[in-house]
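The following exercises are to be worked from the coordinates and the sequence. Each task is followed by a solution in steps.

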Amino acid sequence: MPPALTTLYLGPLEGLLPPVLGVPPDGPYTLPAWKLLSPSYLTPLLERFTLQYGRGDRRAVASLWSKWHFSSVISAALAANLLLERDLPLGLDDLHLELTPEGQTRRLWLHHAGKPLASQDAFTRFSTLIEGHLTPLITTLAQLSGASPKVFWSNAGNYFEHFAEALQAHPLAEADVAEPARELMANRHLPDGRRNPLFQPVHYLQGTHGTKTERRRRLCCIRYLMPELGYCGNCPLNQGKCRH
């Protein structure tokens, strides 16, 4: 991996596995990412993933798997996009994945180190991530599991907001580094008039002096349908506002 990408994995990204350049060696836990769009592959993958939890509601299983996956993909995308102004090749046709034996996404394998952003526009700069990866994968996950697409978009939005704000504390960050991501999340609609699926994925409770006291997801991830796991720490159900 070029030094510029390697240097990103410190500060708020410390502890995450950085992407690797190249194609992974053949093995039972590596695959081209486009295979996730195949029910014949994704169904047994999710079944293997749920074994560590004693099985459970397939909607909750798919949601939980997506949270692991989105964390890996979105952290890499935003780090390169916001800190280096580079667009990583994260489309499902351009990416390989390394999984854990349990089926969780462990590491990304990139075909190349990305390209300079083609535009500073808040919507255009994230289009590879949103249109090339999240949109087709979420469509497949929703169809396969029976969960609403809003559940998966909420999971993606949760990590999108989390990593955008976390990167403010990165040693390489300039002032207001998260502003393009904030601008995207602040708009209810996309430029073509469609609903923005990443619109305001979280909100913050306000303290007595206007300080942010607690972070809440706008929509529930339905993890609670797996009784052994219960609710997330930032679940809106704690305020009686859970919608899914």
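A cavity is a set of grid points where a 1.4 Å probe fits but cannot get out, and its volume is the space filled by probe spheres set on the points. The model under study is predicted.

**Exercise 1. Determine how many cavities of 30 Å³ or more the structure holds, and describe the lining of the largest cavity.**

Step 1. Rolling a probe the size of a water molecule over the atoms shows where empty space is left. Applied to the whole structure, the search returns two cavities of 30 Å³ or more.

Step 2. The largest cavity contains about 70 Å³ of space.

Step 3. Its lining consists of Ala77, Leu78, Asn81, Arg86, Asp87, Leu88, Leu90, Arg125, Phe126, Thr128 and Leu129. Two or more of the lining residues come from each of H3, strand E3 (86-87) and H4. The top contributor is H3, with three residues.

**Exercise 2. State the order of the secondary-structure elements and the extent of burial in the chain.**

Step 1. Six helices and eight strands are found in the chain. Read from the N terminus, their order is α-β-β-α-α-β-β-β-β-α-α-α-β-β.

Step 2. Of the 244 residues in the chain, 48% are buried.

Step 3. Take the contacts between residues at least 6 apart in sequence: 64% of them join residues at least 24 apart.

**Exercise 3. Identify which residues of the largest nonpolar core touch the most other members, and which element supplies the largest share.**

Step 1. The core has 63 residues, and those touching the most other members are Leu36, Phe70, Ile74, Leu78 and Phe160.

Step 2. At least two core residues come from each of several elements, including helix H2 (39-50), helix H3 (58-84), strand E4 (95-99), strand E5 (105-110) and helix H5 (149-166). H3 provides the largest share, 15 residues.

Step 3. Consider Leu36 in detail. Leaving aside residues up to four places away in sequence, Leu36 touches Leu31, Tyr41, Leu42, Leu45, Trp65, His69, Leu97, Leu137 and Thr140.

**Exercise 4. Classify the aromatic pairs as stacked, tilted or edge-to-face.**

Step 1. The count is two aromatic pairs.

Step 2. Phe126 and Phe160 have ring centres 5.2 Å apart and planes at 80 degrees. An angle over 60 degrees counts as edge-to-face, so this pair is edge-to-face. Phe126 lies in the loop between strand E6 (115-116) and H4, whereas Phe160 belongs to helix H5, 34 residues away. Both phenylalanines are buried.

Step 3. Tyr159 and Phe163 show a centre distance of 6.2 Å and an angle of 25 degrees. An angle under 30 degrees counts as stacked, so this pair is stacked. About one helical turn separates Tyr159 from Phe163 because they stand four residues apart in helix H5. Tyr159 and Phe163 are both buried.

**Exercise 5. Decide whether threonine 6 is buried, partly exposed or exposed.**

Step 1. Threonine 6 lies in helix H1 (residues 3-6).

Step 2. Its relative accessible area is 44%.

Step 3. Valine 20 is 14 residues from threonine 6 in sequence, and the C-alpha to C-alpha distance between them is 9.5 Å.

Technical notes. Residues numbered from 1 in each chain as written. Predicted model: local features only at pLDDT ≥ 70, side-chain atom pairs only at ≥ 80, totals over all residues. Heavy atoms only, no water. Core = buried A, V, L, I, M, F, W, Y, C linked by side-chain atoms within 4.5 Å. Buried < 20%, exposed > 50% of the residue type's maximum accessible area, 1.4 Å probe, protein only. Contact = heavy atoms within 4.5 Å. Phe/Tyr/Trp six-rings, centres within 6.5 Å; stacked < 30°, edge-to-face > 60°. 1 Å grid on protein atoms, 1.4 Å probe; cavity = no way out; pocket = protein on both sides within 12 Å on 5 of 7 lines; lining within 4 Å.
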